[in-house]
Every structure is written in structure tokens, then in C-alpha cells.
Amino acid sequence: MVENMELLAPGHRACPGCGTAIATRLILKATGKDVIVVTSTGCLETFTSPYGQSAWEVPWIHSLFENGAAVASGVKEALKAKGNNHTKVVVISGDGGSFDIGFGAISGMFERGHDITYICYDNEAYMNTGVQRSSSTPYAATTTTTPAGVASYGKLEPKKDMPSIALAHGIQYVATASICYPQDLIRKVKKAISINGPKYIQVHVPCCIGWGFDPSETIEVGRLAVETGLVPIYSIEKGKPMEVRKVSDRKPVEAYLKKQNRFKHLFKGEEYKEVVAQLQKICDDNFEYFGLAK
Amino acid sequence: MKLTVGAVVKAGTSKVNKTGNWRSFRPVVNKDLCNGCGICTFFCPDSSIQITEKKSNINYDYCKGCGICAKECPQGAIKMEEERT
Ligand SMILES: Cc1ncc(C[n+]2csc(CCOP(=O)(O)OP(=O)(O)O)c2C)c(N)n1
Ligand code: SF4
Ligand code: SF4
Ligand SMILES: [Mg+2]
């Protein structure tokens, strides 16, 4: 059974409890061995490739921080030139490499219609370089470049809606997923690689170091993100209605925020009640827009 | 170490790093409670759990002791114990 296949070797140097490592293991269970993976600079690239070693059991190439989708396009073209029409090309890159610096390369790859599955592991900041904000960082989270303090409550801007931007390119398949629902994630990756053309999957991956929680709570925190409605899980195949993962046990946004140091400044006194209400409103709007209620 | 053309390295060579020595708490499986459902195997970041003979088996050479498996086991079959060496 494919699900028993272990294509990310141990001995990698991810922090204990790393959600990104869990995501990668699950993604590789879905792709199997006939794949070439491209990863932009970031935690995943760093912890899987200590000098002279590799944790990958499949062919893998490290691009630059900014050009994962462009390198993947080149890999696809090389496969074509060799007459190989079976090997899948999959990008697994961080939110910084996807939402920010690699954005133009992704848009180009989508526009050219390359047969590539682009997967963003979304830990909501630049973790490898010490927790700087990205355009994926949620509203009001403290990071080293959006520090909460007397002058600010953290990041002032909301998270960028990358899946909608991907959809606007008219690509074949767009999905969000979470490591907390492994079968759903595996199913979505299998679906994506079975479709010809560009695909985008965004996987929510808690990071205990950057978000500030105990390593044992990676799955618990990720599940709360979904159960509060802050992170909606859905998929859209071109020309078909959206499929939504319903939330059966809805939680207030505080249940998620209070678990993490990156939001703890919001609960010191009454000052940031409005900010918390704003975050609750994002969840409420998601419940409404995606029809998350069971 | 000498780099090859393209800086190519062999698959799976990270296995030389026995990350088990990062651990300060050790997950211990109670085989009477474990029903072999395999949920822990999906959630281990360090590819350190396998189901063998319908029971969860932990590879202490690489397990970093994060505690996710103990927290997520629906049977409560895994307990974290202080590492003593
Ligand atoms: C052009 C360029 N600018 C900056 C860097 C430094 N850098 C390396 S990784 C990284 C952040 C990666 O963030 P993300 O893509 O979210 O991955 P994560 O580390 O969070 O897994 C940065 C800024 C770089 N390698 N290249
Ligand atoms: S900083 Fe976060 S994403 Fe990076 S290796 Fe550690 S836990 Fe994983
Ligand atoms: S404690 Fe963490 S690293 Fe060790 S077996 Fe459990 S999930 Fe894997
Ligand atoms: Mg990141």
C-alpha cells in the first residue's frame, strides 16, 4: 500500500514536532516514487539537506528562494524533451517562497499551463530565518518584523488569499488542506497529480517554534485553526462546484489564539478586545462564505 | 567533503544522523492498549513509527521525543517518560 511507503528518511534536522516534516511525509505517500520534487529555500530545504546528505528518497532539487515554479517548469520541459510523460513534477515550498518572493514565477507557471503540482506548506512566516512576517502571516500575529508592543498589536494586515489568486489564473485544481487530516491531504495530492496542467495546494502546517506552543501540540493547534473557521479547508476542480470540509465542532477563535505565544499579547488586559473581535469576524465570514457549518 | 558536478548526494543519507539523542522524553507504547490503528504513524515528523504485528513500534534511533504520538493516540496507549541514559 502506497500509504506505508516512507519517502522522507529520518535523521533530518527539523525541530521536534515540526508540522512541515509531517506534511512532506504525507505528500510523498501520495506521489509515490515516480516524481521529481522542487523545493525553494526555507526550513524544508534546510532540514532535509545538511551538507553532503539528503533525507529525500525521491529525486529532489533545491531551487533558489524565489524561483521554485520556474525551476519546476524547466524540469518539466527537460522530461518532455526526453520523452518522459509519466514522471510527475511537484513543488513543495514555503509561504514566503510562494506568497511573496516566488509569486511571479508561480503566476508565470500557471499562465504557461505547465503540468506541475505546486504545494505550498504554509507555516505563516519566514521560519528558517527567524520568524519574519510574510503575506501569509495572519492578522495580529507578532513576528520579529511585526512585533507586538506599546506601538502595535502585531501584523496590521490580513493574510493574503493565495488560493483565490491561483483560481483567478483559471487553473485546473486548487485546494487547501491541513496536516491534521492526513487522508484528506493525501487524497487531494493524488487528485492533483492525476490532472494535467497547473495545480495549487496550500497545506496549513503549525510551527511550534515560530508560533510558540509545545511540540506535542502541533496537531491539536492545527485542528483548532480549522475548527474555529480561521483556516477553511476546501477544493475546487475546474468546472465543478467547490467541495468543503464541514466543521462539526465549532470553536471560538480564542480557543486557537490562546494556545500560541504569537497571539498572547491580545489577552493582556482589555486593550485588544476589538482585534480579537476582528479575528472572530474573519472566522464568521469564512463560515458564511464557505458554508462551513455542518 | 568533495562536491560532485551539480552537488548531487545519495538518497536517504540523512540516516547517519541518529537524532534519537535529541530526546529528553521517550514515548513508550503500551502494547495491551495499542490496537494498531496507525494514526501515530501519520503524525510522526521523524518517520519513526511503524506498525508491525498490529502494534505501534517506535524507532528510538531517530525519535526526537516531540510527544505528538502520545497526544494523538486515541487509545491513550503511548506515554512519555523521562529519558534516562
Ligand atoms: C533572494 C533571497 N533572499 C533571502 C533569502 C534568505 N532566506 C532563506 S529562507 C527564507 C525564508 C523562507 O520562508 P518560507 O518560504 O516561508 O519557508 P520557511 O522557512 O518558513 O519554511 C529567507 C528570507 C534567500 N535565501 N534568498
Ligand atoms: S522552525 Fe518551524 S517549520 Fe522550521 S523546522 Fe522548526 S518547527 Fe519546522
Ligand atoms: S515522540 Fe514524536 S518523534 Fe518520537 S515517535 Fe512520537 S511522534 Fe515520532
Ligand atoms: Mg514559512
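Here are some notes on the predicted model, point by point.

1. Ground rules. Since this is a predicted model, local features need pLDDT of at least 70 and side-chain atom pairs count only at pLDDT 80 or more, while totals for chains, interfaces and linings use all residues. Residues are numbered from 1 along each chain as its sequence is written, chains are lettered from A and ligands numbered from 1 in the order in which they are written, and side-chain values use heavy atoms, with hydrogens and water left out.

2. The A–B interface. Chain A puts 37 residues into the contact and chain B puts in 27 (contact means heavy atoms within 4.5 Å). About 2,600 Å² is buried between the two chains, with carbon and sulfur atoms giving 58% of that area. Buried area here is the accessible area (1.4 Å probe) that two parts lose on being put together, summed over both.

3. Polar contacts and the chain A side. The rule finds 20 residue pairs in polar contact across the interface of chain A and chain B, both residues being at pLDDT 80 or more. A polar contact is a pair of N or O atoms within 3.5 Å; within protein, one must be able to donate a hydrogen and the other to accept it, and residues adjacent in sequence count only if both atoms are side-chain atoms. On the side of chain A that touches chain B, helix 1 (19-31), helix 7 (182-194) and helix 9 (218-227) each supply at least two residues. Helix 1 of chain A gives the most, with 5 residues. Helices (H or I, at least four residues) and strands (E, at least two) are DSSP runs, numbered from the N terminus. By type, that side of chain A divides into 19 nonpolar, 9 polar and 9 charged residues. For the classes, Ala, Val, Leu, Ile, Met, Phe, Trp, Tyr, Cys and Pro count as nonpolar, Asp, Glu, Lys and Arg as charged, and the others, Gly among them, as polar.

4. Salt bridges between the chains. The count between chain A and chain B is 3, taking a salt bridge as a side-chain nitrogen of Lys or Arg within 4 Å of a carboxyl oxygen of Asp or Glu. B:E72 pairs with A:R223, with the closest N and O atoms 2.6 Å apart. B:K15 meets A:E57 at 3.0 Å, N to O. B:K15 sits in the segment before strand 1 (25-29) of chain B and A:E57 in the loop between helix 2 (43-48) and strand 2 (60-62) of chain A, so this pair joins two chains. A:E220 and B:K71 also form a salt bridge, at 3.7 Å between the closest N and O atoms; A:E220 is in helix 9 of chain A and B:K71 in helix 2 (residues 68-72) of chain B, so that pair joins two chains as well.

5. How exposed are those partners? B:K15 is partly exposed at 37% relative accessible area, and A:E57 is partly exposed at 22%. A:E220 is partly exposed at 23%, as is B:K71 at 41%. The cut-offs are under 20% relative accessible area for buried, over 50% for exposed and partly exposed in between (1.4 Å probe, protein chains only).

6. Salt bridges within chain A. The whole structure has 27 salt bridges over all chains. One of them links A:D115 to A:K199, with the closest N and O atoms 2.8 Å apart. This pair links distant parts of the chain, 84 residues apart: A:D115 is in the loop between helix 5 (103-112) and strand 4, and A:K199 is in strand 6 (residues 199-204). A:K199 is buried, at 1% relative accessibility. Separately, A:D122, A:E124, A:K159 and A:R262 are linked in a network of salt bridges.

7. Ligand 2 and A:N123. The shell around ligand 2 includes A:C15, A:C18, A:C43, A:C207 and A:N123 (a residue is near a molecule or strand if one of its heavy atoms lies within 4 Å of it). That shell has 7 nonpolar, 2 polar and no charged residues. A:N123 lies in the loop between strand 4 (117-122) and helix 6 (162-168) of chain A and is buried, at 4%. Beyond its neighbours within four places in sequence, A:N123 contacts A:T20, A:D95, A:V205, A:C207 and A:W211.

8. Ligand 3. Around ligand 3 are chain B residues, including B:C44, B:C63, B:C66 and B:C69. The shell divides into 8 nonpolar, 2 polar and 2 charged residues.
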